[in-house]
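Hello,

Here is the structure I said I would pass on.

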Amino acid sequence: MEAIFLCLIFLVLRVSGLSEGDALIALKSSLVDPKDVLQSWDTSSGNPCIWFHVTCNGNGNVIRVDLGNASLSGHLDSGVGQLTKLEYLGLYSNNISGKIPEELGNLENLMSLDLYFNNLSGTIPGTLGNLQKLRFLRLNNNILMGTIPISLTTVSSLQIL
């Protein structure tokens, strides 16, 4: 009976890892990576926790993606919104363009979102107001327009905007 229970736990962890891996592979596919910093991001390894620039917690969930100063371009794939345990997303000082995906508002555990020094355009999604644990939101030095969403005023944990 114990063996069956352990197999079920392994299966649950494996499935959650695959969906997180799929989200990261979708992000990788949406980016141009001239320095090959994402070369370890390969589904054949089966576990995103062993990929460079990815940190996981003890349960095997992706909690951190560090891709600052990586010479990346392209756009942010909306699939990154599937990384619901993510606490830190750092994509600063790259050449990423396009809009900030509204799906980032699904990252309910996010504490730090660093997208500064890119070429992001459009407006700041109001869904970022869903991020009630967010402490640091750095979007400066992009090509954003419009006003700061009123929904961000409800994020009482926000220390830096």
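The notes below cover a sheet, one asparagine and the salt bridges.

The model is predicted: local features need pLDDT of at least 70, side-chain atom pairs count only at pLDDT 80 or more, and totals for chains, interfaces and linings use all residues. Residues are numbered from 1 along each chain as its sequence is written, and side-chain values use heavy atoms, with hydrogens and water left out.

The sheet. Strands (E, at least two residues) are DSSP runs numbered from the N terminus, and two of them pair if DSSP finds at least two bridges between them. An open sheet of 5 strands has the order E1-E4-E6-E8-E10, with mixed pairing. Strand E1 (31-32) and strand E10 (143-144) are at the edges with a single partner strand each, so one side of each has no neighbour in the sheet. E1 runs antiparallel to strand E4 (residues 73-75), joined by 2 bridges, and Val-32 is opposite Ser-73 in E4. E4 and strand E6 (residues 95-98) are parallel, with 3 bridges; here His-75 faces Ser-97 in E6. E6 also pairs with E8, again in the parallel sense, over 2 bridges, and Ser-97 stands opposite Asn-119 in E8.

Asn-118. This residue is in the loop between strand E7 (112-114) and strand E8 (119-122). Is Asn-118 buried or exposed? Its relative accessibility is 5%, so Asn-118 counts as buried (buried is under 20% relative accessible area, exposed over 50%, partly exposed in between, with a 1.4 Å probe and protein chains only). Its side chain makes two polar contacts (N or O atoms within 3.5 Å, one able to donate a hydrogen and the other to accept it; residues adjacent in sequence count only if both atoms are side-chain atoms). One is to the backbone oxygen of Leu-115 at 3.0 Å, and the other is to the backbone nitrogen of Asn-95 at 3.3 Å.

Salt bridges. With a side-chain nitrogen of Lys or Arg within 4 Å of a carboxyl oxygen of Asp or Glu as the rule, the count is 2. In one, Asp-66 and Arg-64 have their closest N and O atoms 2.9 Å apart. Arg-64 is partly exposed at 33%, and Asp-66 is partly exposed at 25%. In the other, Arg-138 meets Asp-114 at 2.6 Å, N to O. Arg-138 lies in strand E9 (residues 136-138) and Asp-114 in strand E7, so this pair ties together parts 24 residues apart in sequence. Asp-114 is buried at 3% relative accessibility, whereas Arg-138 is partly exposed at 24%.

Regards

Terms used. Helix = DSSP H or I, 4+ residues; strand = E, 2+ residues; numbered from the N terminus.
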